[in-house]
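Here is a briefing for a reader new to this structure. Look over the sequence and the model first, then take the topics in turn.

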Amino acid sequence: MPISRRAFLTAASAVTLLGTAAALPSPAPSAPSVAVLGLGGAGISATNRLLPMLRGPVEVVAADADLPTLRASLAADRLLVRGEAELPLLLPRLAGHSILVGGLGGGFATSALSTLSRRAPSAAAVVTTPFWFEGRARRRVAHVALASLAESAQLLVPVALQDLLLTSGRVPLQGAVHRADQVVAHVVDAVRVALVLHARGVLPSVAGLASPSVAQGSDPVEAVRAAAAQQDQAFATARSVLVHLRGSAPSPADAHDLEAFVRSRCGLDPLLSHSHGEGSDTASVLVLKAA
Ligand SMILES: Nc1nc2c(ncn2[C@@H]2O[C@H](COP(=O)(O)OP(=O)(O)OP(=O)(O)O)[C@@H](O)[C@H]2O)c(=O)[nH]1
Ligand SMILES: [Mg+2]
């Protein structure tokens, strides 16, 4: 019997399947724990934004070679990594379900992501690529690192900062960085949900490349439409689509509209998940691409 593709994660630890729910086995009592590792300046800044959004079994770890940046982390677990030789100290944190988070183009996170992803191939990676104005050298470093991560990471989710700038309109640099942290935090949250749904057998695979988008709006259907508008090309090669909503739960009519909308865009039934907490009224769309 086909399982309904409509799944709601109503809290970090509870997945409720709608539709044919009565015929389905009860969800597992507790969600698998996910470790989120914020690396370097961007990784730490984005995980600071993520921390208040999280509930349930999530462990956030911050790591950097730079002590002042590390001190700015809100994570309870902060690790000073003095050079490449100490990176393996982080590997035990990546033994289960884990997400590496960092900005490509600088020093620490770029090299840490490459090394850790090779040594912990089951980890997912959410990474930013630089703004255009950061210059060619940084873009080049990021490009090379991205290609290497595409080979090593189980799931690679790149967030192009320059595209964010285009969708946010003209904002001052500080505003752009603030928005970048917000988007990365929501993308990490959606990836966390994807890992949980995969561990539960609801999402068959989380391997490969995923294209993320995030939009805010008090109407969930409009927010999803806005997020999906950024995904035109990704939908053409979509293997599965996860729509994660934060804020009040969508009504059954909204959920139906959301499903119909995504189906009309790419012919796939989306997985719909939902969680309460900070960062309300935000829709994240994660398009897992076919190889
Ligand atoms: N989201 C976000 N991205 C940032 C921030 N600061 C920098 N970035 C992006 O991340 C890239 C890497 O910068 P950092 O994270 O500061 O670099 P790092 O990994 O700490 O490496 P170092 O160069 O050794 O300091 C930059 O090129 C920017 O594109 C931030 O506060 N938030
Ligand atoms: Mg740094």
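Helix 1 (40-50), strand 6 (97-103), helix 3 (108-119) and helix 6 (173-199) each supply at least two residues of the shell around ligand 1. Helices (H or I, at least four residues) and strands (E, at least two) are DSSP runs, numbered from the N terminus. This is a predicted model: local features need pLDDT of at least 70, side-chain atom pairs count only at pLDDT 80 or more, and totals for chains, interfaces and linings use all residues. Residues are numbered from 1 along each chain as its sequence is written, while chains are lettered from A and ligands numbered from 1 in the order in which they are written.

**Around the ligand**
- Ligand 1 is surrounded by 23 residues, and the closest are Gly40, Gly41, Gly103, Gly106 and Gly107. A residue is near a molecule or strand if its C-beta atom, placed from the backbone, lies within 6 Å of it.
- Helix 1 gives the most to this shell, with five residues.
- The shell has 10 nonpolar, nine polar and four charged residues. Ala, Val, Leu, Ile, Met, Phe, Trp, Tyr, Cys and Pro count as nonpolar, Asp, Glu, Lys and Arg as charged, and the others, Gly among them, as polar.

**Helix 1 against helix 3**
- Helix 1 and helix 3 pack at about 85 degrees, with their axes 6 Å apart. Axes are lines fitted to C-alpha atoms, for helices over the stretch in contact, and angles run from 0 to 180 degrees between N-to-C directions.
- The two helices are therefore roughly perpendicular to each other (a label for 65 to 115 degrees; under 35 is roughly parallel, over 145 roughly antiparallel, the rest oblique).
- Gly40, Ala42 and Gly43 of helix 1 meet Phe108, Ala109 and Ala112 of helix 3. Contact requires C-beta atoms, placed from the backbone, within 7 Å.
- The residues of this contact divide into four nonpolar, two polar and no charged.

- An open sheet of 10 strands runs in the order 5-4-3-6-7-8-9-12-10-11, with mixed pairing. Two strands pair if DSSP finds at least two bridges between them.
- Strand 5 (77-80) and strand 11 (271-275) stand at the edges, each with a single partner strand, so one side of each is left without a neighbour in the sheet.

**Confidence**
- The protein chain has a mean pLDDT of 86, and 87% of its residues reach 70 or more. pLDDT is the predictor's confidence in each residue, from 0 to 100.
- Over residues 1-29, pLDDT stays under 50.

Note on methods
Two residues are in contact if their C-beta atoms, placed from the backbone, lie within 7 Å.
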